[in-house]
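Thanks for making the time this morning. I would like to walk through one chain with you, so please keep the sequence and the coordinates open while I talk.

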Amino acid sequence: MKQAATTTGINEYVDELDVLKKRIELNCATRNADNSARRMKNELNLKPSILSAISNLLKAIDLAQVHNTAVDFTPLIAELNQFFVPFMALTRSRSTRNKNADIKKTAASSLTTTATA
């Protein structure tokens, strides 16, 4: 294609477009990295308050069961368990993926090392 562009005299424009394409790709990659880091900061800041609120809710339910023995809390607990199932599955799968990634990194780095005598 470069030969055809040179023959027709538009090779300067093609080269300029190639440089622009690389710049756009670099800008997109940088923007994606910046956006994901910014999002992670917000999520990490919210995590302690969310965990605290959930913990307080579960403790309040346990305390209410002790104080109100006449009330059956089984439907509420079952509904909360059903609500937490997808989140627990995501947490477990993320943990498993991270462990597997660590194992692959360790295995890959051990293959590249050289033995010294």
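Lysine 22 is exposed, because its relative accessible area is 53% and the cut-offs call a residue buried under 20% relative accessible area, exposed over 50%, and partly exposed in between, with a 1.4 Å probe and protein chains only. Before I go on, please keep in mind that this is a predicted model, in which local features need pLDDT of at least 70 and side-chain atom pairs count only at pLDDT 80 or more, while totals for chains, interfaces and linings use all residues. Residues are numbered from 1 along each chain as its sequence is written, and side-chain values use heavy atoms, with hydrogens and water left out.

What does the side chain of lysine 22 meet in a salt bridge? The partner is aspartate 18, at 3.7 Å from N to O, where a salt bridge is taken as a side-chain nitrogen of Lys or Arg within 4 Å of a carboxyl oxygen of Asp or Glu. Aspartate 18, at 33% relative accessibility, counts as partly exposed. Both residues lie in helix α2, which covers residues 11-67, and they are four residues apart, about one turn of the helix.

A search of the whole structure finds two salt bridges. Besides the one I have described, lysine 21 and glutamate 25 join their side chains at 3.6 Å, N to O, and they too lie in helix α2, four residues apart, about one turn of the helix. Glutamate 25 is partly exposed, at 45% relative accessibility.

Stepping back to the chain, there are three helices and zero strands, and the order along the sequence reads α-α-α. Of the 117 residues, 4% are buried. The accessible surface comes to about 10,500 Å², of which 62% belongs to carbon and sulfur atoms, with areas from the Shrake-Rupley method and a 1.4 Å probe, where for residues only the protein chains shown count as cover.

Now to the aromatic residues. How many aromatic pairs does the count come to? The count is two, under a rule that pairs rings of Phe, Tyr and Trp (its six-membered ring) if their centres lie within 6.5 Å, with planes under 30 degrees apart called stacked, over 60 edge-to-face and the rest tilted. The rings of phenylalanine 83 and phenylalanine 84 have centres 5.6 Å apart and planes at 65°, so this pair is edge-to-face. Phenylalanine 84 counts as buried, at 18% relative accessibility, and ring pairs link Phe83, Phe84 and Phe87 into a cluster.

Phenylalanine 83 sits in helix α3, residues 74-112. Together with Phe87 and Leu90, Phe83 also forms a nonpolar surface patch with about 320 Å² of accessible area. Patches are built from residues with over 30% relative accessible area and no salt bridge, joining like charges within 9 Å and nonpolar side chains (Val, Leu, Ile, Met, Phe, Trp, Tyr) within 5 Å.

Aspartate 62, in helix α2, is partly exposed with a relative accessible area of 46%, and its C-alpha is separated by 9.2 Å from that of phenylalanine 73, 11 residues away along the chain.

Notes:
Helix = DSSP H or I, 4+ residues; strand = E, 2+ residues; numbered from the N terminus.
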